[in-house]
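Open your viewer and keep the selection tool at hand. Each stop below says what to select and what is there.

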Amino acid sequence: MKILASHDYVLDWIRIIVKYIMLVMASSIFVIILVTVFSRYLSNYVVSWSEEVPRYLLVWIGFLGAALAVDRKDHIGFDFLFNKLPARGREILMLILNVGIALVGWIMLAYGIDFVGQFGGDWMESIPFTNIWFYSALPVSGALILLFIIRQELEGILSLFNRRR
């Protein structure tokens, strides 16, 4: 059980770090767009990357947000049917649904790594960086989904057998 507590501790820190990264990204989008609007109207000049960078940041926010939604169990669900089941049925169904979510996370991780390998060397449109920074959002999010769903599966299995942590 000590291993599970350590696993929880690490995942809690990962969740906190991801939240702050998302906050910095969202703030950056706001500042970039604000500066772009003012520079366009005041000096009639727009930085070439002012559209591309917020788009990439928004993609990262979306993928990281999906991973955090899995951690918080805020992903899409059919609560009406789920809540009609008895407690034991909900536990079993949650374990089955988590396997499906883990499969999606695995697909994101595996194909994301392949995608980064194939296209990560391409250059971004307006800034001198390769697309590896952009495309890495997919495997990173897939890995986070897997880490978070493993915790939920372990909790579900222990709960199913009445072995609380």
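This is a predicted model: local features need pLDDT of at least 70, side-chain atom pairs count only at pLDDT 80 or more; totals for chains, interfaces and linings use all residues.

Residues are numbered from 1 along each chain as its sequence is written, and side-chain values use heavy atoms, with hydrogens and water left out.

**Stop 1: helix α1**

Select residues 2–43, helix α1. Helices are DSSP runs of H or I, at least four residues, numbered from the N terminus. Now pick Asp12 and Arg15. Both lie in α1, 3 residues apart, about one turn of the helix. The term means a side-chain nitrogen of Lys or Arg within 4 Å of a carboxyl oxygen of Asp or Glu. The structure holds 8 salt bridges.

**Stop 2: the nonpolar patch**

Select Tyr9, Val10, Trp13, Ile16, Ile17, Tyr20, Ile21 and Leu23. Together they form a nonpolar surface patch with about 830 Å² of accessible area (Shrake-Rupley method, 1.4 Å probe, only the protein chains shown counting as cover). Patch residues have over 30% relative accessible area and no salt bridge; nonpolar side chains (Val, Leu, Ile, Met, Phe, Trp, Tyr) are joined within 5 Å.

**Stop 3: the second largest pocket**

Select Met25, Val53, Tyr56, Leu57, Trp60, Met124, Ile127, Phe129, Trp133 and Phe134, which line the second largest pocket. α2 (52–72) and α5 (132–135) each give two or more residues to this lining. α2 gives the most, with 4 residues. A pocket is an open set of points on a 1 Å grid, where a 1.4 Å probe fits, with protein on both sides within 12 Å along at least five of seven lines; lining residues have an atom within 4 Å of a point.

**Stop 4**

Lys73 takes a positive phi of about 60°. Asn162 takes a positive phi of about 55°.

How values were computed
Patches are made of residues with over 30% relative accessible area and no salt bridge: like charges are joined within 9 Å, nonpolar side chains (Val, Leu, Ile, Met, Phe, Trp, Tyr) within 5 Å.
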